[in-house]
Amino acid sequence: MRVAAIVFSTVLTLVAVALVARTVASMVGVIRLGQPAIGRTNEPAQRWRTMLVETLTHTRLRKWSLVGAAHWFVFVGFGFLFLTLVTAYGQIYAGADWALPLIGHWWPYEIVAELVALLTLLGIAFLIVVRQLAHPRRLGRLSRFAGSTFWQAYYVEYTIVAIAACILVLRGLEGALAGGGWSLHHVVSYPLAIAFAGLSPAALATAIIAVATVKIAVSMAWFIVIAVNPTMGVAWHRFTGFFNVWFKRNADGRDALGALPVMHSAGKPIDFEDPGEDDIFGAGAVENFTWKGLLDFTTCTECGRCQSVCPAWNTGKPLSPKGFVMDLRNHAYAKAPFLQASEEARAALPDAVKAEADRGLVGPVDEGFVIDSDVLWSCTTCGACVEQCPVDIEHVDHIADMRRHQVLVESEFPSELNQLFRGLESKGNPWNMPPSARLDWTKGLPFEVPVLGGGVDDLGEVEYLFWVGCAGAYDDRAKRTTRAVAELLHTAGVSFAVLGEAETCTGDPARRSGNEFVYQMLAQQNVETLREAGATKAVVTCAHCFNAIKNEYRQLGLELEVVHHTQLLNRLVREGRLTPVAPEAGAGSGSASQPITYHDPCYLGRHNQVYEPPRELLGALPGVEVREMPRSGSRSFCCGAGGARMWMEENIGTRVNLARTTEAVDTGAERIATGCPFCSVMLGDGLTQKQSDGTAGDNVEVIDVAQLLLESVRRGTLAPREDQDAAASTD
């Protein structure tokens with residue numbers, strides 16, 4: 001039997017190693033088809049630290065505590081228990097009592113090996129139960145596993161079960177062969193050792209060889225299966241995940257959020273004032289993605305965490321971040337033989353390969369395209385998928401690259417964006433309003449708002465530039481926030497000035513919708529204005545303006561200290577420069593404290609990690625009870641406005657803003673607070689709909705945190721100005 005085991009294991013191992021080596025070389029070849037990825041090897045020491053911390057401590061998977069703990073044990077088992085595979089080979093080739101050199105039968109190692117095997121078995125059993133409880137047959141599209149390749153997941157799960165079971169059985173047989181008595185060498189496997197103690201030494205030796213052969217067979221079969229399935233991300237991520245984390249966008253471990261990457265063509269930044277004739281704008285074919293993009297697609301584990309938090313998917317849209325990545329991965333690997341073949345060799349390729357090469361990237365799937373247009377344009381760029389992904393896939397960047405190609409090259413995009421682009425190009429704002437109306441919000445204020453060029457010659461004369469933003473200047477609801485911030489800064493004695501007509505849109509909606517040309521035009525204009533004005537510090541009320549000026553203008557060489565108004569106002573309250581005052585007894589709703597819930601704007605929270613200042617500010621308001629929604633903080637649900645979705649119709653599924661408003665209303669809050677004018681508009685529209693159908697009370701309102709603070713501060717410093725508030729609502 002031993003001879004047969006040796007022959008069988010040797011042949012199987014050689015086949016497995018050869019196939020895996022061939023597949024690894026093939027996968028590297030596919031990934032190298034991508035364009036150069038800039039900035040992926042800087043700060044190597046930091047990258048090693050980030051990769052080791054993320055992988056060894058499972059920082060991202062710990063966001064799902066029980067699942068994360070179970071996966072950690074499986075992860076550790078996969079690596080540590082490799083030594084037990086070596087032992088299995090030794091038992092077949094050298095005898096049943098063979099032990100690892102140097103380590104031998106050192107009892108601390110054997111205890112750890114048994115514990116790891118047991119915990120791996122328990123961990124994978126828990127994950128199997130989780131998969132079944134969350135199976136699409138029970139939850140439908142609400143299952144994060146909807147769309148995953150189930151046979152692959154099952155195969156991996158039961159392979160791990162078989163290997164862990166083989167290890168424990170082998171340890172029991174070894175314990176029985178050693179005498180079967182209690183010892184530190186067989187703490188976990190002692191019951192099995194007792195069970196096998198009745199067998200003869202020869203039978204035990206034969207059983208050890210048999211089980212060791214099974215263990216090798218299961219392990220090598222696993223390698224063969226993944227070798228013939230290079231798109232089997234549920235298995236391959238165990239290897240590619242290390243590389244994907246190491247090459248992530250930010251060496252320090254930050255998510256690939258905030259600024260979108262600078263557009264490159266063939267590894268060089270595109271000069272939008274004089275683009276080259278051969279420049280590639282965005283991703284119009286799978287080979288237009290960078291090699292890091294192709295590595296992203298390869299690494300997808302199909303775990304569905306991204307899908308479970310996606311606002312589009314959760315409201316019935318066709319976009320699943322997981323499905324998006326899987327479709328691109330499968331297309332890339334199917335098309336790769338065509339891309340790698342010479343012109344002469346392509347004619348001889350199988351018809352299936354040539355058909356894959358002919359597929360367009362974006363268009364109706366039923367006409368053969370890879371990604372449906374509705375999938376591409378459903379994204380709000382909220383970043384929830386990126387924040388949740390355990391292997392650092394950069395979904396938003398890839399969607400943005402595809403949108404760029406659709407807008408700049410194909411001119412294929414939702415028709416509603418035409419009006420957005422016209423307004424941005426001709427009037428410098430998405431509302432298509434005249435620049436002369438940018439200061440209309442100042443009417444009725446009891447003090448003069450300093451304007452650059454109208455009393456202020458240089459922003460060095462004031463502490464802050466107050467960046468009003470297009471919404472803050474033109475939208476009636478946002479104007480109330482703008483007035484509130486200006487009044488609070490004036491009350492606190494903070495000197496500030498605004499740009500007035502010199503301010504134009506930051507370009508965020510243009511960039512997020514793929515129109516990089518318009519973004520560059522607006523951004524360059526603003527950067528030049530800010531430089532000439534001598535701006536050093538800015539306070540911003542719009543989360544999208546905040547992100548653009550703070551993060552994206554840095555790509556254009558502008559270094560500016562940017563704070564969100566909730567950050568600055570919170571600091572002013574902490575310093576005692578603004579003093580909130582409790583309402584009089586019996587005022588307002590009549591309750592001891594007014595229930596308020598806070599909605600985290602995606603571009604303030606996830607994209608820029610500003611979570612606590614707004615909450616601290618609300619907590620400082622007397623007579624307020626803050627109630628968190630089920631999805632809040634880093635797991636907050638989008639309002640539906642990001643990614644230029646605010647200017648697009650939403651005709652598929654439930655409206656995102658309505659789903660979020662429902663969550664807010666269900667807390668019982670009388671006021672839904674936020675810190676972004678886009679969120680205020682979307683939640684306000686959602687609230688209006690719910691009030692019209694009777695599912696929300698007329699006493700509920702959407703309000704900015706600054707307005708709440710102003711109400712409280714006014715009680716102690718100013719008489720109410722209902723007339724001015726009324727005037728603001730009619731602007």
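Arg511 is buried, with a relative accessible area of 1%, where buried means under 20% relative accessible area, exposed over 50% and partly exposed in between, for a 1.4 Å probe and protein chains only. The model is a predicted one, in which local features need pLDDT of at least 70 and side-chain atom pairs count only at pLDDT 80 or more, whereas totals for chains, interfaces and linings use all residues. Residues are numbered from 1 along each chain as its sequence is written, and side-chain values use heavy atoms, with hydrogens and water left out.

Arg511 lies in helix α23 (residues 508-512); helices (H or I, at least four residues) and strands (E, at least two) are DSSP runs numbered from the N terminus. The side chain of Arg511 makes a polar contact of 3.1 Å with the side chain of Glu516 and another, of 3.0 Å, with the side chain of Glu552. A polar contact is a pair of N or O atoms within 3.5 Å; within protein, one must be able to donate a hydrogen and the other to accept it, and residues adjacent in sequence count only if both atoms are side-chain atoms. When residues up to four places away in sequence are not counted, the residues that Arg511 touches (heavy atoms within 4.5 Å) include Leu260, Pro261, Arg404 and Tyr519.

Helix α23 is also one of the elements, together with α17 (373-377), α19 (395-410) and α24 (516-533), against which the buried residues of α20 pack. In helix α20 (residues 416-426) these buried residues are Leu417, Leu420, Phe421, Gly423 and Leu424. They cover an arc of only 160 degrees around the axis, which puts them on the same side of α20, the arc being that of the directions from the helix axis to the C-beta atoms. The face turned away from this buried side carries the exposed residues Arg422, Glu425 and Ser426, and just after α20, Gly428 takes a positive phi of about 75 degrees.

Strand β5 (residues 464-467) is joined to β6 by two bridges, and the bridge partner of Tyr464 in β6 is Phe496.

Another open sheet of four strands has the order β10-β9-β11-β12, and its pairing is parallel. Because β10 (624-626) and β12 stand at the edges, each with a single partner strand, one side of each is left without a neighbour in the sheet. Strand β9 (residues 594-598) runs parallel to β11 over three bridges, with Thr597 opposite Ile672 in β11. Helix α27 (residues 612-619) packs on this sheet, touching β9, β10 and β11, and its direction makes about 175 degrees with that of β9. Strands β11 (residues 671-674) and β12 (residues 701-704) pair over four bridges, and Ile672 stands opposite Val702 in β12.

Note on methods:
Pairing = 2+ DSSP bridges. Axes fitted to C-alpha atoms, helices over the stretch in contact; angles between N-to-C directions.
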